[in-house]
Amino acid sequence: MEHFKNPRNMGEIPDADGVGTVGNPVCGDVMAIYIKVKDNRIADIKFKTFGCGAAVATSSMVTELAKGKTLEQAMKITRADVADELGGLPPIKMHCSNLAADGLHAAIEDYYKKQKVKGMKK
Amino acid sequence: MNNLSEDEGTTSSKRIYMDYTAGKPVDPRVVEAMLPYMETMYGNPSSVHSFGQEAKQATEEARTKIAELVNAEKKNSIIFTSGATESNNMAIKGFAYRNKDRGTHIITSSIEHMSVMNPCKYLSTRGFKVSFLPVDQYGFVNLETLEKELTDETILVSVMYANGEIGIIQAIKEISRIVHDKKAVLHVDATAAVGQIPIDVKAEGIDLLTISSNDIYGPKGVGALYIKQGARVEPTIHGGGQEQGLRSGTENLPGIVGFGKAAEIAKKEVQTESERLTRLRDRFIKGLTEPIPYAFLNGHPVERLPNNVAVRYSFIEGESMLLSLDMMGVAASSGSACTAKTLEPSHVLRAIGLKHEEAHGSLLFTLGKQNTEEEVDYVIGIMPDIVKRLRAMSPLTSKELKE
């Protein structure tokens with residue numbers, strides 16, 4: 001509830017190094033996670049969410065968990081970690097925590113992809 | 001960012017209930033009428049002794065009051081049930097099974113309550129053919145399609161009087177004319193409408209009518225089915241043969257007495273209360289849509305239940321709005337409470353043509369006896385900030401709106 005009332009890291013990073021968008025409006029949840037990477041660590045992370053209270057809270061929580069972590073550590077954050085940190089979620093809302101973790105992983109993968117492209121250009 | 005400050009949070013002492021369609025308080029006059037039937041007049045209406053006789057008399061008085069509320073030709077046309085869900089099941093399954101020799105086709109609309117939808121779907125696995133009529137953008141059943149769908153095989157048409165989720169009131173008289181032209185029988189689920197709109201089963205040509213007690217400020221757990229003389233249904237609950245053999249089980253005496261009292265009050269007060277609610281409703285709809293961009297009304301502006309305020313806001317999601325409102329002490333709904341167990345958007349909102357994301361952005365306020373203009377104005381006052389905050393959070397918010 002606290003993470004719904006006062007979500008952390010809400011917003012966009014215009015020059016993000018990686019962006020992960022997951023979910024679709026059909027199921028009622030869309031999440032976008034933006035990351036800024038420095039020295040292989042997540043220096044800044046922000047999210048935007050269209051969804052229920054649990055979706056907002058899990059996005060907020062995943063950004064808190066990932067902030068300052070190395071990319072490898074962040075990749076290891078699981079769906080269960082997000083739900084556990086929030087003190088558990090009702091079964092019908094578990095897909096929200098799945099979405100949050102997936103969003104984070106998608107943002108990191110996007111970062112790797114962009115790095116590869118940059119590398120090739122060099 | 002537009003955070004809700006701590007002092008406005010869950011500690012808010014103001015509590016405003018605007019979810020009357022999900023559940024209503026029992027009128028204190030009803031509670032008073034019920035009490036003796038729990039403490040001192042606890043007899044069984046089937047018993048011969050004086051305890052049984054007074055219970056029987058109370059049951060029959062309640063039956064008369066309910067018959068009067070909907071202008072039924074006689075009190076014995078009213079069968080007590082455990083509520084609207086049972087009445088709908090009895091009307092649809094009971095009628096279908098009893099009349100299957102005459103035909104096996106049933107027609108209903110695509111915005112019915114689950115207690116009509118699911119019995120119809122069940123019958124379609126038991127040898128019946130069911131057609132679901134489409135509705136237009138407001139929720140009106142398409143009368144031409146109804147006419148086309150009716151065949152010699154059609155035995156029953158079930159259309160709700162009004163929809164609690166989008167407020168639409170159907171043209172029952174017209175529907176009845178079309179149905180009866182083809183010699184079919186009309187069932188009307190009036191759960192959301194009774195007590196808000198005067199209903200006359202004779203003048204409107206209704207053969208079977210579902211009535212709920214709690215929806216007219218009576219106790220929960222009791223309802224009725226009006227069955228026109230000549231329309232035959234099969235019992236769905238078998239046992240001791242109460243309720244003319246159509247609904248066995250010892251009568252829920254306090255519930256029935258309370259239901260009767262609620263019907264008596266509803267008949268007297270329906271006119272003034274629905275005028276009051278209509279004024280509040282229109283003020284509320286205006287205040288929730290006009291000051292906020294990309295805000296829309298679900299359902300029809302005029303052919304609408306007096307207590308129904310159903311709006312939707314683009315780019316944001318219903319449950320987040322509900323939680324935000326709850327923190328400010330306001331209880332609303334995002335659709336039918338009966339569908340809240342699934343994550344799918346409501347079939348009603350989909351049927352009126354809303355896209356998934358639009359349906360998810362819907363918000364439903366249903367007003368009742370205890371709501372005041374002051375409460376309506378309070379919600380109108382807090383809504384813009386709630387919408388703004390959630391839109392700032394949403395990845396779907398359009399660029400035009402941000403600028």
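This is a predicted model: local features need pLDDT of at least 70, side-chain atom pairs count only at pLDDT 80 or more; totals for chains, interfaces and linings use all residues.
Apart from neighbours within four places in sequence, Tyr226(B) is in contact with Val70(B), Ala72(B), Ser77(B), Ile78(B), Val201(B), Leu208(B), Leu209(B) and Ile211(B). Tyr226(B) is also one of the residues with the most contacts inside the largest nonpolar core, together with Ile35(A) and Leu104(A).

Next, display that core as a whole. The largest nonpolar core has 150 residues, and α9(B) gives the most to it, with 12 residues. At least three residues come from each of domain 1 (6–25 + 269–402) and domain 2 (28–266) of chain B.

Colour chain B by domain. The domain assignment gives domain 1 as 6–25 + 269–402 and domain 2 as 28–266. The C-alpha centres of domain 1 and domain 2 of chain B lie 29 Å apart. Their contact takes 29 residues from domain 1 of chain B and 26 residues from domain 2 of chain B. On the side of domain 1 of chain B that touches domain 2 of chain B, at least two residues each are supplied by α9, β10, α11 (347–351) and β12 of chain B. The largest share of that side, three residues, comes from α9(B). By residue type, the side of domain 1 of chain B that touches domain 2 of chain B divides into 10 nonpolar, 14 polar and five charged residues.

Now turn to the sheet in chain B. Three strands form an open sheet with antiparallel pairing, in the order β9-β10-β12 (chain B). β9 (295–297) and β12 (362–366) of chain B are the edge strands, each pairing on one side only. On average, and with direction ignored, neighbouring strands of this sheet are turned by 25 degrees against each other.

Select residues 308–313 of chain B, which form β10(B). Three bridges pair β10(B) with β9(B) in the antiparallel sense. Along this pairing, Phe296(B) stands opposite Arg312(B), and Leu297(B) has Val311(B) as its bridge partner. Towards β12(B), five bridges join the antiparallel strands; here Val311(B) stands opposite Leu363(B).

Show the side chains of β10(B). Asn308(B), Ala310(B) and Arg312(B) point one way, whereas Val309(B), Val311(B) and Tyr313(B) point the other way.

Finish at helix α10 (residues 318–327) of chain B. Eight of its 10 residues are buried, so α10(B) is largely enclosed by the rest of the structure. Select the buried residues: Gly318(B), Glu319(B), Ser320(B), Met321(B), Leu322(B), Leu323(B), Ser324(B) and Leu325(B). Which elements do the buried residues of α10(B) pack against? In chain A, the partners are α1 (2–5) and α2 (53–66). In chain B, they are β11 (330–331), α12 (356–360), β12 and α13 (373–393). After α10(B) comes Gly329(B), whose phi is positive, near 85 degrees.

Methods: Residues are numbered from 1 along each chain as its sequence is written. Chains are lettered from A and ligands numbered from 1 in the order in which they are written. Two strands pair if DSSP finds at least two bridges between them. Helices (H or I, at least four residues) and strands (E, at least two) are DSSP runs, numbered from the N terminus. Axes are lines fitted to C-alpha atoms, for helices over the stretch in contact, and angles run from 0 to 180 degrees between N-to-C directions. Domain bounds come from an automatic or database domain assignment. Two residues are in contact if their C-beta atoms, placed from the backbone, lie within 7 Å. Ala, Val, Leu, Ile, Met, Phe, Trp, Tyr, Cys and Pro count as nonpolar, Asp, Glu, Lys and Arg as charged, and the others, Gly among them, as polar. A nonpolar core is a set of buried Ala, Val, Leu, Ile, Met, Phe, Trp, Tyr and Cys residues joined through C-beta atoms within 7 Å. A residue is buried if 20 or more other C-beta atoms lie within 10 Å of its own, exposed if 12 or fewer, and partly exposed in between; C-beta atoms are placed from the backbone.
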